[in-house]
Amino acid sequence: MTVERYALARGYDTSRMIRGGWQLSGGHGDVDRARAIDDMFAFIDQGVTNFDCADIYTGVEDMYGAFRERLINTRGVEAARAFKVHTKFVPDWEDLGRIDRRYVAAIIDRSLQRLRVDQLDLVQFHWWNYSAPGMIETALLLQDLQREGKIAHLAGTNFDTPRSKALLDAGVPLVSMQVQSSLLDARAENGLVALGRKRNMALLCYGTLAGGFLSEAWLGKAEPTDGLVNRSLIKYKLIIDDFGGWDLFQDLLTTLSTIATKHGVTIPAVATRWILDQPNVAAVIVGARYAHHLDGALGMFKLTLDDLDRAAIAGVLTRRQGPTGDTFELERDREGRHGRIMKYNLNKV
């Protein structure tokens, strides 16, 4: 099985499955750091060469840096060069409006130190509050650091369509936009997909498995009313509610299960393949602490959805009620259901 690849920019491509790092960060339960680092070899060996993280994912950049050192020590420098990390620059909500070059450089230098590199492969910029001044000016400061050689490629994460266009119009060379996109969440279709196709800005999609809800583990299960074990499950249960509720979600899982059985793959393979087949999608980000679900996830690359499969999925999606609006719009409302569970100040320099 060959992991597909996608050219994000001249001289830079990505595996179309990216190993996500959010599950390794704080708020997701205990993590066996040594095991997590050991298991990263399994992803590399299967052709998943691009890993995602963020400056605000507690401890994850440092884990990736430790893995890079292990790669160099065990397999050599060339093997380590094939390992690419997509990190983020996420200034705190409370700091927006007073960010200067020193602030930006300090965070970028910290990421360089944690990841044990001289240049960051891809930095994805985020801005919590559109009402705060300085968004474009801060992005241009990142571009200055790119010119200095500290950053190879710039991208964005969770910008809506108008602000993505504003950044591109200002000359910020965004090669991609990371957004939440799944069978349950089609907000990227409300403008961002069309903009990306027009401006050569591909989509890197996270949440494609809705924190694990889009899997056999939840097929036929009763709706959880409490006791969800981490922020990821809490977050995506809200998406299921907006999608149309638990009954419609179970209809979707049943449909995906039928398709998965037909092709000899898993529900996650069907859900991620569907996203990979959407316009302007470069890759899906599949979060994992360890490698025990890797083989099932890689089933997306041996799967071709046929017309009957797509029609069956469309039959469920025509009953979808939401979520509505542009990308990450609901999460920016700090008083709303989605915003109340977010953490907006995690990036203390």
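**Charged pairs, rings and a nonpolar core**

E61 is buried, with a relative accessible area of 1%, where buried stands for under 20% relative accessible area, exposed for over 50% and partly exposed for what lies in between, computed with a 1.4 Å probe on protein chains only. The model is predicted, so local features need a pLDDT of at least 70 and side-chain atom pairs count only at pLDDT 80 or more, whereas totals for chains, interfaces and linings use all residues. Residues are numbered from 1 along each chain as its sequence is written, and side-chain values use heavy atoms, with hydrogens and water left out.

The side chain of E61 meets that of R114 in a salt bridge, at 3.0 Å from N to O; the term requires a side-chain nitrogen of Lys or Arg within 4 Å of a carboxyl oxygen of Asp or Glu. Because R114 lies in helix α4 and E61 in helix α2 (residues 60-75), this pair ties together parts that are 53 residues apart in sequence; helices (H or I, at least four residues) and strands (E, at least two) are DSSP runs numbered from the N terminus. R114 itself is partly exposed, with a relative accessible area of 26%. Side chains of opposite charge can pair when their charged atoms come close, and the structure holds 33 salt bridges.

Another of these bridges joins E69 to R116, with the closest N and O atoms 3.4 Å apart. This pair links distant parts of the chain, E69 being in helix α2 and R116 in the loop between α4 and β6, 47 residues apart. E69 is partly exposed at a relative accessible area of 38%, and R116 is partly exposed too, at 32%. Most residues other than glycine have a negative phi, and most peptide bonds are trans. The peptide bond from G322 to P323, however, is cis, with omega near 0°, and P323 is found in the segment after α12.

That segment, after α12 (307-317), also holds T327, which is buried with a relative accessible area of 3%. Leaving aside residues up to four places away in sequence, T327 touches N158, F159, D160, V179, R187, A188 and L192, contact meaning heavy atoms within 4.5 Å. The backbone oxygen of F159 lies 2.8 Å from a polar atom of the T327 side chain. T327 and T157 are 170 residues apart in sequence, while their C-alpha atoms are 9.8 Å apart in space.

A search of the whole structure finds 19 aromatic pairs, in which rings of Phe, Tyr and Trp (its six-membered ring) have centres within 6.5 Å, with planes under 30 degrees apart counted as stacked, over 60 as edge-to-face and the rest as tilted. W128 and F328 form a tilted pair, with 6.2 Å between the centres and 40° between the planes. Since W128 lies in the loop between β6 (120-125) and α5 (135-147) and F328 in the segment after α12, the pair ties together parts that are 200 residues apart in sequence. W128 is buried at a relative accessible area of 5%, and F328 is buried at 5%. The rings of F213 and F249 have their centres 6.2 Å apart and their planes at 90°, so this pair is edge-to-face. Here too distant parts of the chain are linked, with F213 in the loop between β9 (202-206) and α8 (231-243) and F249 in helix α9, 36 residues apart. Ring pairs also link F41, F43, F51, Y64, F67 and F83 into a cluster.

The largest nonpolar core has 119 residues, and those with the most contacts inside it are M17, I108 and L214; such a core is a set of buried Ala, Val, Leu, Ile, Met, Phe, Trp, Tyr and Cys residues joined through side-chain atoms within 4.5 Å. Helix α9 (residues 246-263) gives the most to this core, with eight residues. Among the residues that M17 touches, not counting those up to four places away in sequence, are F43, V48, V284, L294 and F301. In soluble globular proteins, nonpolar side chains tend to be buried together.

Key:
Polar contact = N/O pair within 3.5 Å; in protein donor to acceptor, adjacent residues only side chain to side chain.
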